[in-house]
Amino acid sequence: MKMWELSIKRPVTTLMVTLVVIILGIISLTRLNVDLLPDIKLPIAVVSTQYSGAGPREVEEMVTKTIEGSMATVGNVDSINSISSEGNSLVILQFIQGTDMDFATLEMREKLDMIGGFLPDGVSKPMVLKLDPNMMPIMSFGVSLQGKDIAQVKAWVEDVLEPRLQRVDGVASVNVTGGDQREIKVVVDPDKLAAKGLSMYQVVEVLRMENINLPGGIITDGQYDLSVRSTGEFKTLEEIRNISIASQIGGFFRLGDIARVEDGVKESHQYSMINGQDSLSVSIQKESNANTVSVARKVNKELESIKDANKDLDIHTIVDQSVYIEDSISNVASNAVIGGILAIIILFVFLKNLRPTLVIASAIPISIIATFILVYFSGITLNMVSLGGLALGVGMLVDNAIVVLDNIFRMRQEGKDRIEAAEKGSGQVAMAITASTLTTICVFLPIIFIQGITKEIFKELALTVTFSLLASLIVALTLVPMLCSKLLTGKSFHKKNVVLDKINKGYKKVLQWALSHRAIMILIIVAAFGGSVLMLPRVGTEFFPSADQGQINVSINMPRGTTHSETVKIIEQVENLAGDIPEVETVYATTGGDLLSDYTGASGDRGSVTLVLKPLEEMTRSVGEIGDEIRAKVKEIPGCNIEVDTGDSLFGSISLGLWPVQIDITGDDLEVLETISDDITGIVEQVDGTRDVSSSITEGVPELRVVLDRNKAAQYGINMALVSSAVQSELQGVVATRYKVDGTELDVRVQVPDEESLSIDDLSDILIASPLGTVVPLGDIAKLEYDRGPVQIDRSNQARVARVTAALGDRPLGDVMKDIQERLADYKMPSGYSIDYTGEYETMKEAFGDLALALALGVVLVYMVMASQFESLLHPFIIMFTVPLAFTGGFIGLLSSGTALSVPALIGMIVLAGVVVNNGIVMVDYINILRAEGMDRDEAILKAGPVRLRPILMTTMTTVLGLVPLALGIGEGAELQLPLAVTVIGGLSFATVLTLLVVPVIYTLFDDLVQKFRKKPSSA
């Protein structure tokens, strides 16, 4: 017994099974995690190594190259990039997609252990880290306490707030920025130090040697073994003051006689302001497997509890990703609901009967609820992509039910009773709708061959659409026949739809004309497809559409070596300019670096200003327009490079710094690379649509080098280590040891008084303590030389590179890159130097290539499914003519809406390849049924066309109207779904109009051809 027959005969069982599905679906929905995007595993790892005091060239030669050579032997490595900066080496490995990163990082550590002996002395142990989007903070907020200064606020945050937030389930780390950091200062008087024949080096060494606890072993006392421990850790500051230091000219002196020991604060280049007020910033990172929205809710709940207990506490939210995520998810969900309502309205307009409309209306929510069960057990989160798949499927969910209902409804109109109509009507179209569903599903199978981020993201869309369509097919073959057998009673279904009757008659006349003028129809098809090919270059290309996330980041880059105080002055100017913009709600300013600054080191000549905008409904301008205003204002600030990032890409957090325009110049000589990068920077700046163009080779850091005369130094027993230590101690102080107080360890820093800070002229007078018992001025054994070294040295696949990068304006990425490539084609590169176009453009090309392959495979699979259904190689080929028509309509939709061809738009093309053939399947299947019953070919076509017109129009319009809310791009996060919706709407609408005429015409042409070949053997 077939499933539709069983559902009709066992209506109570069908109803109970439906209720079970609803209950399980609701439970599954409540347990689904909510996030912005799918969980994306990036195959990227970094090796961070510290080499204090070494310049970029030394770091590159002695550390980076050695590590790169070792990492090149790790399995599955796709590319190796590195950054060598002062005192730091960062090697970035990108692996082939799908690599087990836990195993890969383990292998990396093994390789690093093998080269430990080849690294120079003083290098820290290389640290291996996996990079993923979870590194980005999910929340950050400013904290202040009424009546408390910033130092008191920091103490309270570290003692109270931070531990409580750290205990929240799902929180990985709590980072506190800003405020003063306490330390013990030993401020040495240089004059007294020189008079007593002492050096800074001696002071540091005495502090290190005195502040220790060491085990001495075991001693027996009668029947007990006693542990012997030498305890010398400092208990009070007075103990530090009373330390004795032996002078090399004779005698002992107390540290307190030559230095001031005090409890102070560490010199800091940190700057943190919120809306012009000193602040303490707290950021939250979640665990890698935790859910963003869930963790943010728990943190906010804990903050409310803390605020209830501390009435003087003021917390100002800077960033809360969960707000944008929830708004985006809610917007997609509401668009899906609106689309479903529009689809139901269309059904009522066509059927003009409430009961069959209610049957279809019930199929939508039940199919969606059933989908949630499959989504839950497959481990998918409720995110923009998975919900977008549901929103895409809302219109298609009713396609199967519409075809079944329409056939049952027609048979009731022909006089069959409700049971017979339900059974025969369902059975007649069961194979057709099954094939239609399979053609839509099978186009997603080739996504398994896609690589990179594209696969990670759209795998969930494919699964969601597949689950929803399978659910809708089962509903259409069980619940819909059962409800029709119960609800399609009375005589209401005998009412004539006057408008539809007129459309049917008009369509029949046009179809008769088309069959009589087949050559003209073929010309129309060729012209339509040819026109789409010609219009394709006018459709711009981009990786992903821009998205308004309500935030603008302004990066301030001062000339290298600029003092921190000068940087702060520029930051304050940017703050004042941004504060005057009415759409700006919060201005958060800080000094620091980018995502990798924790590993490359932050600099006092870099800063950033984050502008949090008002809610979208309160905005009168787009984030791009506001960004343009800020760019115009900051141009008036001289002496710095300011970049404005409107945070357009939803995938900025997962691209880890990839620029839309990124040009790699490969070569050996840094000076030649600098010349070429300057030339290319000037060329790129002239291309319309580029912004914030810059080169990775910037003006070098000014240096004053201490060049030791080794022969003279050797006469005093002095080496470079003693000189370096003495210079460092005099200029910035040295952390000699740690002092424990109240359960906290504080740095003990030996330094000269701030007011005694040395000038360049005084540097030669620094005294170097010789092991031979003398004190020698630095100027007697060394000379000072001015120089300007590179800020950093970038390498790609073990070769030096200079990178020219740029952001985009109001032009698509593909158009901008085309202009850049045309201009650089005439640029004469020196021998041994080459250009590569990388960054987001390279990722876009790879994604487009993968999706084109998936599309081609999808089309082949669609043909195979239809061939299996029709048991014919010819009929599926006839229906496949609708696919190029769909692509033509898709391009028209993109062009008319001003939308660029992007990854979501290409996904829309793939969806079209599976959806657009459904109308042809329904029509050709019924033509074949009529011909099998003995009807003439043209007569069968003229009957099948009008009969199938209503379900074709209903399924097309429900799908199109279901996507209209997404195509309007209204609300948070709607930009991601817009290109997909526009492509499907344009392609399906255009193809449907022509399918109603093209498929019958192509059917007759191939039928004539078959008949002609069949007659040839008999005539012979």
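## A tour by selection

Start with strand 7 (residues 182-188) and strand 12: they pair in the antiparallel sense over seven bridges. Strands here are DSSP runs of E with at least two residues, helices are runs of H or I with at least four, and both are numbered from the N terminus. Two strands pair if DSSP finds at least two bridges between them. This is a predicted model, where local features need pLDDT of at least 70, side-chain atom pairs count only at pLDDT 80 or more, and totals for chains, interfaces and linings use all residues. Residues are numbered from 1 along each chain as its sequence is written, and side-chain values use heavy atoms, with hydrogens and water left out.

Stay on this pair. Lysine 185 stands opposite glutamate 262 in strand 12.

Four strands form an open sheet, ordered 12-7-25-24, with mixed pairing. Strand 12 (259-265) and strand 24 (734-741) are at the edges; each has a single partner strand, so one side of each is left without a neighbour in the sheet. On average, neighbouring strands are turned by 25 degrees against each other, direction ignored.

Contact means heavy atoms within 4.5 Å.

Next, select aspartate 692, in strand 22 (residues 690-695). Its phi is positive, about 50 degrees, although it is not a glycine. Aspartate 692 is buried, at 18% relative accessible area. Buried means under 20%, exposed over 50%, and partly exposed in between (1.4 Å probe, protein chains only).

Compare asparagine 797, in the loop between strand 29 (792-796) and strand 30 (799-808). Asparagine 797 also has a positive phi of about 50 degrees without being a glycine. This residue is partly exposed, with a relative accessible area of 47%.

Move to valine 911 in helix 32 (residues 903-915). Valine 911 counts as buried because its relative accessibility is 1%. Leaving aside neighbours within four places in sequence, it contacts Leu392, Phe444 and Val984. Show threonine 440 too: its C-alpha is 6.8 Å from that of valine 911, though 471 residues separate them along the chain.

Finish with helix 33 (residues 917-932) and helix 34 (residues 937-968). Their axes come within 8 Å and cross at roughly 150 degrees. Axes are lines fitted to C-alpha atoms, for helices over the stretch in contact; angles run from 0 to 180 degrees between N-to-C directions. Among the residues that meet are Met923 and Tyr926 in helix 33, and Ile941 and Val947 in helix 34.
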